Every structure is written in structure tokens, then in C-alpha cells.
Amino acid sequence: MRDVYKRQVLGWSYSQLMPRARYGIVFLGAILLVYIVNEFIDVVEEEDRLSAVLLTISAAVVITTAVYLFTNYSALYEGARGIATDSALALALAFTLVIIYLTWRSFGMTFLVVLLAGIGYGLFGQYIGGILGHGGITSERMLRLLVLEVEGFFGSLNRLVAAWIAPFLLYAGLLKAYGAFDMILRLAVRSAKYISSGVAQTAVVASAVIGSVNGSQTANAGMTGSFTIPMMKESGLKPETAGGIESVASTAGQVLPPVMGAAAFIMVSVIGGSVTYVDVMLAGLIPAAILMVSIFAGVHYIAAPQIENPTMDDYFEGTKTTGEFIYEGLKYSIPLVILLYVLGVLQYTVMTGALWTAVAMIITGITFPIARALYEGESLSATGREVLAHTRDGAREGAVVLAPVAIILAAINGVVDILLTTGVPTAVSLALMDLSGGVLLLAAVMSMIICILLGLGMPTSAAYTIVALLVAPALTGQFLLPDFAAHYFVFYAAILAGLTPPIATCAAVACGIAGASFWKTVWEALKISAPLYVLPFAFIYHPELVSGAFDATAISAGLLAMLGALTIIHGINYRFAFGRSVSAGARVVFFALGIIVMVYPDLLVQLGALAATAGLLVVQTIVGKPDPVGKLQALATGLNGGSKEPVEAERP
């Protein structure tokens, strides 16, 4: 079944012999069956008879619905809408219940509540007063909207997954099967040996790179964290520190170009117009650089004093030579170069780029090992069987990763279509304008809170989709922000849900692996990721950061934002040589100055705050130095609240 998925995805991407909407029916039906079969194998092993029965019924409903919609496509999608037989409505109801059940199986209660709330809001909106009230949607209209009109669960997001995201996740599955993730971890370990916080920086590099194609910060924390967290703990890091670092690194990976957790492709579709994938990717480069530099700094502050064993050679079985790294680097980088060439130079579509990237990965994944076997005189038949097995495993891995993403995006598509039908985006825009009094800062704060709430428990692509359709229009329509500024604001805000208590799903997974306290892990994560909560506001007041241009204005704004982020990190994490009360005051001052440098719209004020930061750093350095003559001890004593205890700076 999973091999059929590979042939189906690549075959349609190449031929496009049917309309995308009709192919979306085939795709969703097939990927739901992949998920059901995969789950069925597990429940049979666990002897869970009830789940086995429900999954069997679900498979029958999915097949029947897909066949019905495919064979009647012209009448349902292109013909007379608004008409449905009783049997068709019954089938639509059964399919809706299957989506609800599979959503619960794949993502638990968190998103099930969102899905049921969306359907309930559509059905009973007439009983809601105020600006969010509406005339209500009848049950028949609801079923036609969700299923029978080939919209809803089968709508634009499902087609986007089928055409764009599926080939990229196939590529990610092939990368993993061919051993790319192991190479990434080894390279991270090798490159991180040159600084005292190297073990922790390994987690940042590996989790961020892998997370950028994984598409879920929570899943990525579980996957890479199972390796990086024990490694950090063995080097001397406290469990809560290791868990916090991993959760922040997994979150950061979701915003790294070129994939951005698959949200980049959705952003192209949502913004529309003349915006291309390359535009979106370029717009994300400066913010990603700011974020990663600040995370590296935060991790160094926290991890360096704790690390006792910086040697990491024994974490892998065997070692690789520089030649082996070059060999593997070529094998994995050629498909990426092809992707950038097809999209950036040839200006082909994202789907075409994804197709040729996946095909190139299969070609290099097969031919490189065979060429190596020929060169070293190894058995060609054994090598051929091995690479074919890896290719098959890669297709399966891609299908397994894709299935939950397809399910939740199908469910979200249904909720979004309901909300669009009821006019909620307009209502939210008006509500934000009314509550904020037209003040952009208040509207932005409220928007961030809404984005965090809407992003709870969701994969990156799903979280961004919801906020892009509900919150971003308020920022562009009511406050006239540029598209990229508004969409990057809600995108960055939505992924904060994985780090924000009391839910903090990403931190919850990491603390489980680390065996640490949830709240201590969240605190460590927040100390590292604090600039991430400020950076989205910089997009609003300095839209050049996400303009995709690299002129003097954008670069200077980026440098100021980076310096502001480092100021915040320093204020939160540096161990000051002052008394407790003065140290707390210094942290507040550094934090406030960092926010001003990052966000304030006036350049002179930003530079003034930066100068004040430099002055404080000079004072901090003078007070923190050893004072053999004793001339500075009086100053330190005064700052220490009158205590005559000697004061020394503790630096990481």
C-alpha cells in the first residue's frame, strides 16, 4: 500500500492526466487507507478488537466515498450543486464520522475539540449572539459542504498536500532511509566540537535541520530528542536543560527555509497573486538567521557551565573519514541543488521542483552505492538489494509521516470552509479592530495570543493554515500591513504554541524523554527562546525584515534585530556579579533594551537603546573583573545591597 503511494504521487506529479480536484479524491482516499492499514497492524498486535472493527468500517467508508466521488466527479464538482440524494448524504455523514474518528486517533482530544467546535459553530451559529453570530448552516448543507461538493475535506488544502507536500515528504522519507539523518547528526557533532557548548549545539543543528523537513515540532522533538537528549545528559547537562534545548531546537526548525515545515508551500497558496515559492523562501532567510543566532547564544549561556564531557566520538558506532563525508554529502546535496535550480533559476512550479527533487534523490540514493560497490569490488547484487530495500523503506516512511498531516489538513480544510461560509474572518477582523481601538500594538498582542491558542497541538502546516486564514486578513485588511509581514507574524506566533505553557506540547515530549519536570523544562526553553516571542513584532514595525530584499535597509534592520535578540538572551541568562535585587533589575533593563532595539520603529531610538546596552556591558565588565587593589569593591558592595561579601561574576 505504501509503495502504491510512491507511484501514485510521482506518477501524477509527472503526468497530471486528471484535474487536481479529482486527483485530490484519489490521493485522500489512498493516504487514509495507508494510515488505516498502518494502524490496523498495530491494533491487531495489541489485540484491540474494538479499534480493529472501527478501522475496518472506516476503510470501507473511505473506499466507498472515494469511488463515489471519483466516478461522479463531473456531476458533483462541475455540475449542479445544491442537490443530493439521501444515500449520498448518508455516505457523506459516514465519511465525516470517519474523519472525526481518524483525527482523534492521530492527534487526540486537542484537535478533535477544534474540529467538533467548528462543525458545531456552523450548525448552531444562529444561537450565538454578537459579532460572531450567523444564520446557521443546515445539516444537509453541512454534509454537501464537507464532502459532496468535493470541497471541505477534499478542498484546496488537501489538493495542496497532494501536489506539493506529498512529494517533499516522500523526499524526506528517502533522506532518512538513505542515511542522511545520521550524516546530519555526525556533521553536527563534528562541527560542534570547537566550542565549549558543542554537545548542546549539536542538538540545535541536528533538530533544526531535520525539523525543517519533518513538519511537526512535537514529532521532531520525539524523533531527534531520543538521540540528542541522552547525549546531552551524558555530557553533564541537567535533564530539564537538555529537554528545553531540544524543544527550542525542534521549534526553530519549523521556520528554516527552504521547506519551513511545509508551511512555505501553503503560504504561497494562501497569499496568492504573483507570490512564488522563491519569494517566500527568501523572505524567511533574515528572520531565520536572527532566530538561530540567538538560540545558539542562549544555548551557550545555559549549557557551557554544565557540560563536563565534551567528547562525543563514542556516540556513534564507527567513525567516518572526510572522504566518506564528501561522498555522502554529494549524494544528499545534489537533489537539493536541483530543487533550488528548478525553482530559483528555471522558475518552474513547486510541484515540478518537488517531483524532480524526489526523483533525483532516488537516482543518487541508488547509483552512488552501486558505483561505490563497483569501485571497491563489493557484491553488486547485495548492494542492489540493499538500496532497493532502502528506497522501499523511504517510500513507506514518507507515507507514514504524510498520513497524519493529510488527515489533519483535510479536517482543517473542512473547518476553514465552514468558517469562511459563516464569515468568521471578517468578524475576527472587525473584532480585533474594535477591541484594539485601532491601535496596531494592541491588535498585534491580541493576534499573537489567538495564534498561540489556535496552534495548540497542531503540526506546523496546520497551525499556520488556521491563523493565516483567520488572523492574517485582519492585519492586512484593517491595519494595511504587507502580506509577508502579516503572514510571517502569524506563522512565527503559531509555532510558539509548542513552547508556551500550560500546554507546551513540544516541551512535554522533550521532558518525557529527559525524565525532567515539565515546568522546569518549559522554563529552560523560555530562557532560550525569549527573542522568538519578540521577533514577530519586529516584522510588523520593520516589514523589510521579511520583504525578501537584501538591500541596506533590510540588512541593517536584520542586524539591529539580531543585536536586540542577543541583548535579551544576555539579560535573561548571564550570571551577573551583583546582588539579587540589582541583578533582577539588570535583567529587566537588558530585556527592555533588547525589545526596543528589535522592534521600535524609530532608528534613532533603536541606536540609543543599543548605545545604552553597550554602556551597561562596560559597567558589567568592570564590576565583574577581579579587583586586587580593592578600588572597585566599594562599587560592587553598593550594588550588592550593602553586603561586604566579595562579588565575582560567573561567566559561562
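Me: Is Glu47 buried or exposed?
Reply: In this predicted model, Glu47 has a relative accessible area of 69%. A residue counts as exposed when that figure is over 50%, and therefore Glu47 is exposed.

Me: What is the relative accessible area of Val150?
Reply: Val150, too, has a positive phi, about 55 degrees, although it is not a glycine, and it is found in the loop between α6 and α7. Residues under 20% relative accessible area count as buried, and Val150 is buried because its value is 0%.

Me: Are α2 and α7 roughly parallel or roughly perpendicular to each other?
Reply: Two packed helices are described by the angle between their axes and the distance between the axes. Helix α2, residues 20-45, and helix α7, residues 156-177, have their axes 8 Å apart and pack at an angle of about 80 degrees. Angles from 65 to 115 degrees count as roughly perpendicular, and therefore α2 and α7 are, to each other, roughly perpendicular.

Me: By class, how many nonpolar residues does the contact of α2 with α7 have?
Reply: On the side of α2, the residues that meet α7 include Tyr23, Phe27 and Leu28, while Val161 and Trp164 are among those that α7 contributes. By class, this contact has two polar residues and two charged ones, and its count of nonpolar residues is nine.

Me: Which residue forms a salt bridge with Glu149?
Reply: The structure holds eight salt bridges, and a network of them links Glu140, Arg141, Arg144 and Glu149. Glu149 counts as buried at 8% relative accessibility, whereas Arg141 is partly exposed, with a relative accessible area of 27%. The closest N and O atoms in the salt bridge of Glu149 are 3.5 Å apart, and its partner there is Arg141.

Me: How many residues apart in sequence are the parts that the pair of Glu324 and Arg372 ties together?
Reply: The side chains of Glu324 and Arg372 meet in a salt bridge, at 3.4 Å from N to O. Glu324 lies in helix α15, residues 322-345, and Arg372 in helix α16, residues 350-376, so the parts that the pair ties together are separated in sequence by 48 residues.

Me: In which helix do Glu376 and Arg372 both lie?
Reply: Glu376 forms a salt bridge with Arg372, and the closest N and O atoms are 3.4 Å apart. Glu376 is partly exposed, with a relative accessible area of 42%, and Arg372 is partly exposed at 27%. The two residues are four residues apart, about one turn of the helix, and both of them lie in helix α16.

Me: How far apart in space are Ile131 and Leu430, C-alpha to C-alpha?
Reply: Ile131 lies in the loop between α5 (86-124) and α6 (139-148). Not counting residues up to four places away in sequence, Ile131 touches Ala427, Leu430 and Ala431. Ile131 and Leu430 are 299 residues apart in sequence, but their C-alpha separation in space is 8.3 Å.

Me: What distance separates the C-alpha atoms of Tyr348 and Tyr277?
Reply: Tyr348 is found in the loop between α15 and α16, and at 47% relative accessibility it counts as partly exposed. Leaving aside neighbours within four places in sequence, Tyr348 is in contact with Val342 and Leu343. Tyr348 and Tyr277 are 71 residues apart along the chain, and their C-alpha atoms are separated by 9.9 Å.

Key: Residues numbered from 1 in each chain as written. Predicted model: local features only at pLDDT ≥ 70, side-chain atom pairs only at ≥ 80, totals over all residues. Heavy atoms only, no water. Axes fitted to C-alpha atoms, helices over the stretch in contact; angles between N-to-C directions. Parallel < 35°, antiparallel > 145°, perpendicular 65-115°, else oblique. Contact = heavy atoms within 4.5 Å. Nonpolar A, V, L, I, M, F, W, Y, C, P; charged D, E, K, R; others polar. Salt bridge = Lys/Arg side-chain N within 4 Å of Asp/Glu carboxyl O. Buried < 20%, exposed > 50% of the residue type's maximum accessible area, 1.4 Å probe, protein only.
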